[in-house]
Amino acid sequence: MNIFPFFKKPDYFTEPQKAVIVEAIRLAEKQTSGEVRVFVESKNPYMNPMDRAAEVFYNLKMDKTDNRNAVLVYIATTHKEFALFGDEGIYNITGANYWNDAVNNMVEQFTKNNITEGMVNCITQIGETLKYTFPYNLDADKNELPDDIIFGH
């Protein structure tokens with residue numbers, strides 16, 4: 001029993017939606033040595049969404065992967081903000097146009113209120129891209145970061 005209900009983190013997704021998102025992460029990572037994480041919070045604490053995504057990325061130590069090939073999908077639900085933040089190993093290869101396309105695809109789904117589908121499509125697109133530049137190696141690849149969704153406040 002939670003005696004402090006005001007400390008309870010909000011439920012942004014149903015359990016089936018969470019499972020679909022986590023499965024998308026796992027499937028994407030089966031194609032690549034890259035790592036994908038999702039961070040969801042209600043409000044962005046008064047900064048540019050990309051700056052917040054970078055802050056979360058480094059707080060989660062996502063820059064410590066062997067190949068510097070981690071990507072964070074950041075969403076602030078109440079503020080209706082999101083950002084994709086890729087480590088230098090990815091960004092240097094893909095360039096800005098790739099990230100703009102991924103963001104535009106998410107916007108298209110989000111405006112239709114298809115949040116889960118937009119996230120799954122984005123995660124899938126990231127996995128597809130990473131499999132060419134950071135292919136999965138059965139003998140050497142390891143899951144460096146957890147696949148679960150991280151929920152902020």
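The legends below describe close-up views of a predicted model.

Residues are numbered from 1 along each chain as its sequence is written, and side-chain values use heavy atoms, with hydrogens and water left out. Because this is a predicted model, local features need pLDDT of at least 70 and side-chain atom pairs count only at pLDDT 80 or more, while totals for chains, interfaces and linings use all residues.

**View 1. The largest nonpolar core has 30 residues.**
A nonpolar core is a set of buried Ala, Val, Leu, Ile, Met, Phe, Trp, Tyr and Cys residues joined through side-chain atoms within 4.5 Å. Buried means under 20% relative accessible area, exposed means over 50%, and partly exposed lies in between (1.4 Å probe, protein chains only). Ile 21, Val 38, Met 106, Ile 123 and Ile 126 have the most contacts inside the largest core. At least two residues of this core come from each of helix 1 (15-29), strand 1 (35-41), strand 2 (70-76), strand 3 (81-86), helix 3 (88-111), helix 4 (115-133) and strand 4 (149-151). Helices (H or I, at least four residues) and strands (E, at least two) are DSSP runs, numbered from the N terminus. Another core, of 14 residues, lies apart from this one and includes Phe 39, Val 56, Phe 57 and Ala 76.

**View 2. Met 106 is one of the residues with the most contacts inside the largest core.**
Contact means heavy atoms within 4.5 Å. Leaving aside neighbours within four places in sequence, Met 106 is in contact with Val 73, Ile 75, Phe 82 and Leu 84, and also with Gly 118 and Cys 122.

**View 3. Helix 4 has 19 residues.**
From its first C-alpha to its last, helix 4 reaches 28 Å, close to the 27 Å expected at 1.5 Å a residue. The expected span of a helix is 1.5 Å times one less than its number of residues. Buried residues in helix 4 are Thr 116, Gly 118, Met 119, Val 120, Cys 122, Ile 123, Ile 126, Gly 127, Thr 129 and Leu 130.

**View 4. The largest pocket has a volume of about 260 Å³.**
On a 1 Å grid over the protein atoms alone, a pocket is an open set of points where a 1.4 Å probe fits, with protein on both sides within 12 Å along at least five of seven lines; lining residues have an atom within 4 Å of a point. Grid points are joined across faces, edges and corners, and the volume is the space filled by probe spheres set on the points. The lining has 14 residues, and those closest to the centre of the pocket are Phe 13, Ile 75, Thr 77, Phe 110 and Ile 115. Strand 2, strand 3, helix 3 and helix 4 each give two or more residues to the lining. Helix 3 gives the largest share, three residues. By type, the lining residues divide into eight nonpolar, four polar and two charged. Here Ala, Val, Leu, Ile, Met, Phe, Trp, Tyr, Cys and Pro count as nonpolar, Asp, Glu, Lys and Arg as charged, and the others, Gly among them, as polar.

**View 5. Glu 35 lies in strand 1.**
Glu 35 counts as buried because its relative accessible area is 1%. Glu 35 and Ala 70 are 35 residues apart along the chain, and their C-alpha atoms are separated by 4.4 Å. Beyond neighbours within four places in sequence, the contacts of Glu 35 include Glu 29, Thr 65, Asn 69, Ala 70 and Lys 142. Gly 34 is found in the loop between helix 1 and strand 1. Gly 34 is also buried, with a relative accessible area of 1%.

**View 6. Arg 37 is found in strand 1.**
Arg 37 has a relative accessible area of 7%, so this residue counts as buried. Not counting residues up to four places away in sequence, Arg 37 touches, among others, Leu 60, Met 62, Val 71, Asp 148 and Ile 150. Arg 37 and Thr 77 are 40 residues apart in sequence and 17 Å apart in space, C-alpha to C-alpha.

**View 7. Lys 80 lies in the loop between strand 2 and strand 3.**
Phi of Lys 80 is near 55°, a positive value in a residue other than glycine. Lys 80 is exposed, with a relative accessible area of 74%. Asn 113 lies in the loop between helix 3 and helix 4. Asn 113 has a positive phi of about 65° although it is not a glycine. With a relative accessible area of 64%, Asn 113 is exposed.
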